[in-house]
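Me: I'm new to this one and would like to go through it slowly. Could you show it to me first?

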Amino acid sequence: MKVPRHGPRGRYVKEGLIRGLLFACGSAAVVITLVTVGTFILGSLPFFQKVSLWEFLTSIRWAPLTIPQSYGVLALMADTLVITAIALIVALPLGILSAVFLSEYASERTRRTLKPLLEILAGIPTVVYGFFALRFITPLLQGIFPEIGFWNGLSAGLVMGFMILPLVASLSEDVLYAVPRSLREGAYALGATKFEVVTRVVIPAAFSGIGAAFILAMSRAIGETMIVALAAGRTPAWPPDPTQPMMALTTTIVNIATGDHEATAFIWSALFAIGLLLFVMTLLLNVASYFIVRRFRERYE
Amino acid sequence: MSEAKRAWRRSKGALFALVAAVSLGLGLVVVAVLLITTGLNSWRLVAMRATADAGLSLSLRSLQASTGSQQAYYPYVVLAQVASNSRAEKLGLRQGDALIRVAGQGITRVSAVWEAVEQAPGGRDLRLPIAWVPNSRQLLGELRAEAIPNTPGRFRVVISTLPPGSPAEQAGLQTGDVLLSANDLSIMGTRQAWEAIVIATQRASGPITLQVERDSQILTLPFTAQQQGELTVQRAAWRALWAFVSSLNEPRYPEHAGLASAILGSLYVVFVMAIVAFPLGIGAALYLEEYASRSTLTEILQVLIANLAGVPSVVYGIIGLEILARAAGLGRSILAGGIALALLILPIMILAAREALRTVPPWVREAAYSVGATRWQTVRHHVLPYALPGIFTGMILTLSRAIGEAALLILLGAFLYVTYVPTNLKDSFTVIPLQIFDWATKPQEGFTTIAAAAILVLLGILLILNATAIALRNRFQMRW
């Protein structure tokens, strides 16, 4: 029987096809995740056959190209975390206070002008921040503390703090703004001042959301590449001293990948091991932040 | 409650509000200061382009010399290239000449030339007084080194041919003279003889004293090595900017380096990214918002997408390097870079498109269903038209994210070597952020300036994109 072109059956076929096509698009995320995880596990297998996981995580010396070779990421992790900590020390207080101002004190008009501005600031490419750190902040720091090196973790961390500041401010503002009016009004009804409402009702109510912003900012700082590659240097520091050159995990990846190595060299598998470590670290942080935000939303929406 | 306590209670709140406002202001001010300093830094580009335009390529050299017992380095600036038929060549400047003074300022580093051009009084067109020492061949002719008898390893520098009319001949030097010293700098080699004269001229303002040995007699001759002239340069800001964005990269001379290969590379890579990521992203968003039922699978998809958006871009770089460049055999090419970038952008695009679809209220769909439309007809004719401005906004914002991305492409680009315009998707490439990275890490003077200029170009592009996105959002946003 000939199927009429616009009849019901043709329609169902078309609908089904489109549905299938869109489903295929939707499952691209699954494919990407599987490919990523698969590549990292397969790629790092040869590495972990030669270097034990314990040695990888607890050895201090990262020297894949000098003999005797050593593949310890402890110093790299420590450097990464110190730079991240500096960034968070800058970004958290400033970001949360900015969010409080925008959500609680600023007029609706100011809020509506400044919020898109924050989004635009969050869109400044990180290589630009890296250039700032290397060419302006480091000379500035050297003017104050002469012993600071040309490459140092401090300037990278400070600039990274300003890089993640819009992210922290924007996310915290979202959660503060989402705290229901009824909570505030209840507190006002009891005679609280605005300050008391903000610090004892709104911020505690939004605490989990701010926590999620903190975790997300941390994950962003750990995965940030261009600032540390430009400003922090390429020598791992142990013990981690932010006035000295530091090498972050991401810098190590850039270093290996841009180096002139044979395609079969063992160092390529080290690339996957470090990539896997970075992937796992940021994934855990992101998942944690995702579920915290969702619980926050469920509570108030 | 006492009056004082109540006052403190009130002012505490005001203080807190002030601190909050100041911290917001501080963040904005720091970013503003950084942007302004970048702008100021890139201003030197005008002077750099002015000298380049006149035909000069400058390079720093230095003479290692011993005065008395001290070893010292004397830097000087040499013309590494002089473009043929340029104003500089017409003035008589040749490759290998040493610049001594520009607009009255002594030149001991390359940036001093640009500073002089920048600070010279006058408007756009400038007649710049300059002084230079001609290259060794023109100044002294041919020199040869002769071994000194009975002292092995030591040489003396002898003039073997003297071009007629050369400054050396005019000063009274003759073929066969042995050059001993220029002012207090002793002459020890054929190349070093000219360098010593350059440094002596640089340090003395008038003629220098040359000591020569002729027929076993030591003579002292006054010697004017330096020549003077007026070079016409143009300090034109817009022309400098245009020359900068339209010329190819030049890894040795920052005054000639341009952004053209990087801009085209960015365009190609982002184009490939858009072709891959936009249809996939919109399709995925449509499936999740319009088709998927609330099942565990959908739930997993959502968590995955949200978290893929937070994976560091350098991780996608490794995937691109392994899967696309190596396993798929694409190499470090535009195609590999664009597809890898699409992996990074896809989750962001899905989130943006879903956000846009979610703004279309459910009753639009219900109205369509109630007159018998199928799901696709509903989506195609009723949901998509309303969501389209939002989706466009999302596209533009992800485009600007992609244009600024460097960490991923640093693994897939060949940024150091691209001094050509890529023409093929299989070509290796560089993009604007990588070019900035490369220039920012170069120690030579002038590269900081062009890195800053490239940042301004990049930020300009992003600003235009963002402004378009915001305008679109404001113009077409539906209020339900």
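Me: Let's start with a proline: where is P239(A) found?

Reply: P239(A) is in the chain A loop between α11 and α12 (249-258), where helices (H or I, at least four residues) and strands (E, at least two) are DSSP runs, numbered from the N terminus. The peptide bond that leads from W238(A) to P239(A) is cis, with omega near -5°.

Me: How do the numbers and letters work, and what kind of model is this?

Reply: Residues are numbered from 1 along each chain as its sequence is written, while chains are lettered from A and ligands numbered from 1 in the order in which they are written. This is a predicted model, in which local features need pLDDT of at least 70 and side-chain atom pairs count only at pLDDT 80 or more, whereas totals for chains, interfaces and linings use all residues.

Me: And what is the mean pLDDT of chain A?

Reply: The mean pLDDT of chain A is 87, and 96% of its residues reach 70 or more; pLDDT is the predictor's confidence in each residue, from 0 to 100. Within chain A, confidence is highest in helix α4 (residues 74-105), at a mean of 93, and lowest in strand β1 (residues 62-63), at 82.

Me: How many helices and strands does chain A have?

Reply: Chain A has 13 helices and two strands. Its radius of gyration is 24 Å, well over the 19 Å that the globule rule gives for 301 residues, so chain A is more spread out than a compact globule. That radius is taken over C-alpha atoms, and the globule rule is 2.2 Å times the number of residues to the power 0.38.

Me: How many residues are in contact between chain A and chain B?

Reply: 66 residues of chain A are in contact with 67 residues of chain B, a contact being two residues whose C-beta atoms, placed from the backbone, lie within 7 Å. On the chain A side, the residues divide into 43 nonpolar, 17 polar and six charged. Here Ala, Val, Leu, Ile, Met, Phe, Trp, Tyr, Cys and Pro count as nonpolar, Asp, Glu, Lys and Arg as charged, and the others, Gly among them, as polar.

Me: Which residues have the most contacts inside the largest nonpolar core?

Reply: The largest nonpolar core has 251 residues, and those with the most contacts inside it are V159(A), V168(A), A217(A), I227(A), M273(B) and I436(B). Such a core is a set of buried Ala, Val, Leu, Ile, Met, Phe, Trp, Tyr and Cys residues joined through C-beta atoms within 7 Å. A residue is buried if 20 or more other C-beta atoms lie within 10 Å of its own, exposed if 12 or fewer, and partly exposed in between, with C-beta atoms placed from the backbone.

Me: What does I227(A) touch?

Reply: Leaving out residues up to four places away in sequence, I227(A) touches T126(A), Y129(A), G130(A), A133(A), A156(A), V159(A), M160(A) and M163(A).

Me: Now helix α16 of chain B: why is it largely enclosed?

Reply: Nine of the nine residues of this helix (residues 432-440) are buried, so α16(B) is largely enclosed by the rest of the structure. I436(B) is one of those buried residues. The buried residues of α16(B) pack against α6 (126-144) and α11 (226-232) of chain A, together with α9 (260-291), α14 (375-404), α15 (407-410) and α17 (447-476) of chain B.
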